[in-house]
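Here is a short briefing on one protein chain. Look over the sequence and the fold before reading on.

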Amino acid sequence: MGSTLQELVPASSLLRSVNPDPYMREARTVADYLVSITPGISERLPARYDALGKPILSRSFLSVQPNDPTERELARLAALGYGIEPPTPTINHADLRDVTRANGEPAWPWYQQLAGQPTPHMPTLKDQIGKIIDTPAYEKAPDGAMDVKGTKLFMLHGPVVAYHELAKREIMGDKNVRTALQAAQMKAAAAYQQVRSGGAQVVKPTLNTLNSIVGQFGVNLGANPPAINPGP
């Protein structure tokens, strides 16, 4: 979304360059994007995290080449299109970005941090990956996709999945998170049963609804919008 909005928001590049906030921020809406690049208020949004559970530095704070050998290798893989996947915010049909922990803190940043180190007594995911990268087997392995057995990314995938699962277990210990996930799962199950029983109805958006959406971008569909081909 950011690259598109840079073309729509005047001086967005200037705002980002003068913003002293060192981290990239979560932006789900246009309003969030404006906040994320504005000096003095961008810190109101949660930081974005990488696959290692570390907050992502803004481009103006990034070095050209990481000094850490593990981060350098991960950057090399990512440049080839083989980056390791960070955790996703949706678990059991619940979006953690909409969930607040029992202590009042947002659940999504916490989950991302735990994906990098599920408990204080465990080594970090970065350390685990670094050990694999240092092995002769990894050095001999070819680059390639994660689902191709024997590739470098395939070798790194095991600890990533394990840490994500451990992080899920940790966040389920929070009462609010557990309640939200259970409620979302029950809602999804009820919707599935409704579809199976034939009671679900397809809701078609009205012309006014469509125009209210696209009108934000200066577009009007008129009284007779073009038909949408649903495909095969």
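The points below go from the whole chain to one helix, then to the cores and a helix pair.

This is a predicted model, in which local features need pLDDT of at least 70, side-chain atom pairs count only at pLDDT 80 or more, and totals for chains, interfaces and linings use all residues. Residues are numbered from 1 along each chain as its sequence is written, and side-chain values use heavy atoms, with hydrogens and water left out.

**Whole chain**

- The protein has 10 helices and two strands. Both are DSSP runs numbered from the N terminus: helices are H or I with at least four residues, strands are E with at least two.
- From the N terminus, the order is α-α-α-α-β-β-α-α-α-α-α-α.
- Of the 232 residues, 28% are buried. Buried means under 20% relative accessible area, exposed means over 50%, and partly exposed lies in between (1.4 Å probe, protein chains only).
- Contact means heavy atoms within 4.5 Å. Among contacts with a separation of 6 or more, 57% join residues 24 or more positions apart.

**Helix H8**

- H8 covers residues 152-171, 20 residues in total. Its span from first to last C-alpha is 30 Å, close to the expected 28 Å. The expected span is 1.5 Å times one less than the number of residues.
- H8 has a kink of about 25° at Gly158, shortly before Pro159. The bend is the angle between axes fitted to the seven residues ending there and the seven starting there.
- Buried residues of H8 include Leu156, Pro159, Val160 and Tyr163. Their cover includes helices H4, H5, H6, H7 and H9 and strand E1.
- Ala162 also sits in H8. Ala162 counts as partly exposed because its relative accessibility is 36%.

**Nonpolar cores**

- A nonpolar core is a set of buried Ala, Val, Leu, Ile, Met, Phe, Trp, Tyr and Cys residues joined through side-chain atoms within 4.5 Å.
- The largest has 15 residues, and Ile91, Tyr111 and Leu181 are among those with the most contacts inside it. H5, H8 and H9 each supply at least two residues of this core. H5 gives the largest share, six residues.
- Another core lies apart from this one, with 14 residues, including Ala51, Ile129 and Val160.

**Helices H4 and H6**

- The axes of H4 and H6 come within 9 Å and cross at roughly 80°. Axes are lines fitted to C-alpha atoms, for helices over the stretch in contact, with angles from 0 to 180 degrees between N-to-C directions.
- H4 and H6 are therefore roughly perpendicular, a term for angles of 65 to 115 degrees.
- Residues making this contact include Leu74 of H4 and Ile133 of H6.

Note on methods:
Angles under 35 degrees count as roughly parallel, over 145 as roughly antiparallel, 65 to 115 as roughly perpendicular and the rest as oblique.
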